Amino acid sequence: MTPAERIRRRSVAPGQVALYHLGQAGFCLKTSAGTLIHLDAYLSDCCHRLFGFKRMSPPPVTPNEPAPDLVASTHAHADHLDPEALPLFARRPQTRFVGAPDCGPVYASAGIGPERTVLLEPGAATRVADVELRAVDADHGDLAPEAIGLCVTTGGITVYHTGDTGYAPERICPSLPGPVEVMIAPINGEFGNLNAEEACRLAAQVRPRVLIACHFWMFVEHGGDPRSFLAAAPHLAPGVTAVVMAPGEELLYSSADGIVGRWVPDRLAGTWQRTGAAGSGEPVADG
Ligand SMILES: [Zn+2]
């Protein structure tokens, strides 16, 4: 079963959300109503053509399969708002686009009209189906002064994607709308981003139940060390479950029980295997 089929078939109970790592800072969320949200999905190899940054792992899904209901971007950099995937997302008329103010010109140049887009400054929110998206502060410096973080709330669960940001808890924490259950943060420590320790320190203040590392191992030039993230988390963010997901990995989160399960695709066997601990996991039977 491909990741696209897995996402399509996944049933999500009320009080749960399913998360899929798409590589780099990209995640797909599936809600209990079946709404699919792509956050910062980078699915082409345009950064290779634009900047010489070659992708180091293939995208686990394509822009059309599964087709997201909502495509959200924390800022307009091509690894977060993919200009080559955008026209493919837009082929489906129902798909909506939500992003930071600097995403507006990119939507326009892809021929996506304002009737399908919402631009959010920190503090602003919008609703699509059973999902509320709220923009919060981020500090990506001069690289993207309009960059935001996004809080995605569905079924009472808030997933907070910091977007690309440096360590700025004094700006970020007051802008959060309420308790966060799952936090996603970069760990590469370059290009204006948190490093592994800073991601853990920020999480210690945000106090999510789960902290998922992102923004590593997609481009050689971006750096990132998930091993040091896993080593630092118990000391710097005690009580927070630190998670490193493989590209395509599925994580099912429940408000009542925390992480219900995690599964990785075995492409050769065509199966999905349960994975356990934050990093390599312990061997377990197919599930
Ligand atoms: Zn980035």
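The model is predicted. The protein contains seven helices and 16 strands. Its radius of gyration is 17 Å, close to the 19 Å that the globule rule gives for 287 residues, so the protein is as compact as a globular protein of that length. The C-alpha trace spans about 45 × 40 × 40 Å along the principal axes.

**Nine-stranded sheet**

- Nine strands make up an open sheet with mixed pairing, in the order E6-E5-E4-E3-E2-E1-E14-E15-E16.
- The edges are taken by strand E6 (117-119) and strand E16 (271-274); each has a single partner strand, so one side of each is left without a neighbour in the sheet.
- On average, and with direction ignored, neighbouring strands of this sheet are turned by 20° against each other.
- Strand E5 (residues 96-99) pairs with E6 in the parallel sense, over three bridges.
- For Gly 99, the bridge partner in E6 is Leu 119.

**Seven-stranded sheet**

- An open sheet of seven strands runs in the order E7-E8-E9-E10-E11-E12-E13, and its pairing is mixed.
- Strand E7 (125-128) and strand E13 (241-243) are the edge strands; because each has a single partner strand, one side of each is left without a neighbour in the sheet.
- Neighbouring strands of this sheet are turned against each other by 20° on average, direction ignored.
- Five bridges join strand E11 (residues 182-186) to strand E12 (residues 210-214), and the two pair in the parallel sense.
- Pro 186 has Cys 214 as its bridge partner in E12.
- As background, strands of a sheet pair through backbone hydrogen bonds, in either a parallel or an antiparallel sense.

**Helix H6 and what it packs against**

- Helix H6 (residues 196-206) packs with helix H7 (residues 226-236) at an angle of about 30°, and their axes are 9 Å apart.
- An angle under 35 degrees counts as roughly parallel, so H6 is roughly parallel to H7.
- The crossing of H6 and H7 is right-handed.
- On the H6 side, the contact is made by Ala 196, Glu 197, Ala 199, Cys 200, Arg 201 and Ala 204. These meet Ser 228, Phe 229, Ala 232, Ala 233 and Leu 236 in H7.
- Of the residues in the contact of H6 with H7, eight are nonpolar, one is polar and two are charged.
- H6 also lies across strand E10 (157-161), E11 and E12, and runs at about 155° to E11.

**Backbone features in loops**

- Most residues other than glycine have a negative phi, and most peptide bonds are trans.
- Asp 40 is not a glycine, yet has a positive phi of about 50°.
- Asp 40 is located in the loop between strand E3 (36-39) and H2.
- The peptide bond from Glu 65 to Pro 66 is cis, and its omega is near 0°.
- Pro 66 sits in the loop between helix H2 (46-51) and strand E4 (70-73).

Terms used
Residues are numbered from 1 along each chain as its sequence is written. This is a predicted model: local features need pLDDT of at least 70, side-chain atom pairs count only at pLDDT 80 or more; totals for chains, interfaces and linings use all residues. Two strands pair if DSSP finds at least two bridges between them. Helices (H or I, at least four residues) and strands (E, at least two) are DSSP runs, numbered from the N terminus. Axes are lines fitted to C-alpha atoms, for helices over the stretch in contact, and angles run from 0 to 180 degrees between N-to-C directions. Angles under 35 degrees count as roughly parallel, over 145 as roughly antiparallel, 65 to 115 as roughly perpendicular and the rest as oblique. A crossing is left-handed if the near helix is turned anticlockwise from the far one by less than a right angle, and right-handed if clockwise. Two residues are in contact if their C-beta atoms, placed from the backbone, lie within 7 Å. Ala, Val, Leu, Ile, Met, Phe, Trp, Tyr, Cys and Pro count as nonpolar, Asp, Glu, Lys and Arg as charged, and the others, Gly among them, as polar. The radius of gyration is taken over C-alpha atoms; the globule rule is 2.2 Å times the number of residues to the power 0.38.
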